[in-house]
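Colleague: I would like to learn how to read pockets in a model. Please start there.

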Amino acid sequence: MSASDVLYNPLFGVTLTLVAYVVSLAVHGRRRHVHPLFLSSALLVALLALSGIPYDAYKVGGDLIAFFLGPATIALGVPLYKNAKNIRRHLPAIVSGVTAGSVVSIAGAGAMAWAMGGTREIVLSMLPKSVTSPVAIEISRQLGGLPELSATVTVLAGLLGSMIGPEFLRLCGIRGGIPLGTAIGTAAHGIGTARLIRESEPLGGVSGFAMGLAAIVTSVLMIPLYALLPVLLR
């Protein structure tokens, strides 16, 4: 078996990812402030860059792992179902929070990219950064953005929200489960929701609901925005 056969075997990318994640979990166990997903991503990027291993070779196995993101995201519905009564009781507040958060996210991301001199494609790619990756990629494609860039900034938004979001919100005096879960689910989608589930299932349930609702609200908001784009980005 040649080196090329090994590199382009799906097991290579899968094994590389699992090893990086196990190492990151071990580091996280000793240094709680180190986020395992952030560290494992950094390790993989560094390894591929330093070793010269083609990204296409890693992607063969990486796509296999990415396939399971769908079932993993669906699994976030379990705490949502368990806490449905509590969510229903605070539904108006959650819907209001998600809507406001989605509007601010779209406007803030677009304004920042435009102010920094970003091209039309970059601005469009930044708009859906706070919704879950599959939705962000499709919105970006429909708007005429760069789906790859949208996927990257979406993952970064989720990682940053997961790493510093809960602490930052609590530092601002936001401690209730409903506002905390709504904010993280709206801004940090699945990665942030997974973080909250480790802390509290009710928190994760609210965040999971907010994540799903944010994807719907953002998609709906893109309809009038698409019609206004020629005026806003001329």
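Colleague: Which elements each supply at least two residues of the lining of the largest pocket?

Modeller: They are α2, α3 (36-51), α4 (55-67), α5 (69-75), α10 (133-143), α11 (147-171), α12 and α13 (201-232). Helices are DSSP runs (H or I, at least four residues), numbered from the N terminus. This is a predicted model: local features need pLDDT of at least 70, side-chain atom pairs count only at pLDDT 80 or more, and totals for chains, interfaces and linings use all residues. Residues are numbered from 1 along each chain as its sequence is written, and side-chain values use heavy atoms, with hydrogens and water left out.

Colleague: Which element gives the largest share of that lining?

Modeller: α11 does, with eight residues. By class, the lining of the largest pocket has 28 nonpolar, 15 polar and five charged residues. Here Ala, Val, Leu, Ile, Met, Phe, Trp, Tyr, Cys and Pro count as nonpolar, Asp, Glu, Lys and Arg as charged, and the others, Gly among them, as polar.

Colleague: What should I know about phi, and what is the phi of His 189?

Modeller: Most residues other than glycine have a negative phi. His 189 is not a glycine, yet has a positive phi of about 35°. The residue is found in helix α12 (residues 177-199).

Colleague: Is His 189 buried or exposed?

Modeller: His 189 is buried, because its relative accessible area is 3%. Buried means under 20% relative accessible area, exposed over 50%, partly exposed in between (1.4 Å probe, protein chains only). By contrast, Val 19 in helix α2 (residues 10-30) counts as partly exposed, at 47% relative accessibility.
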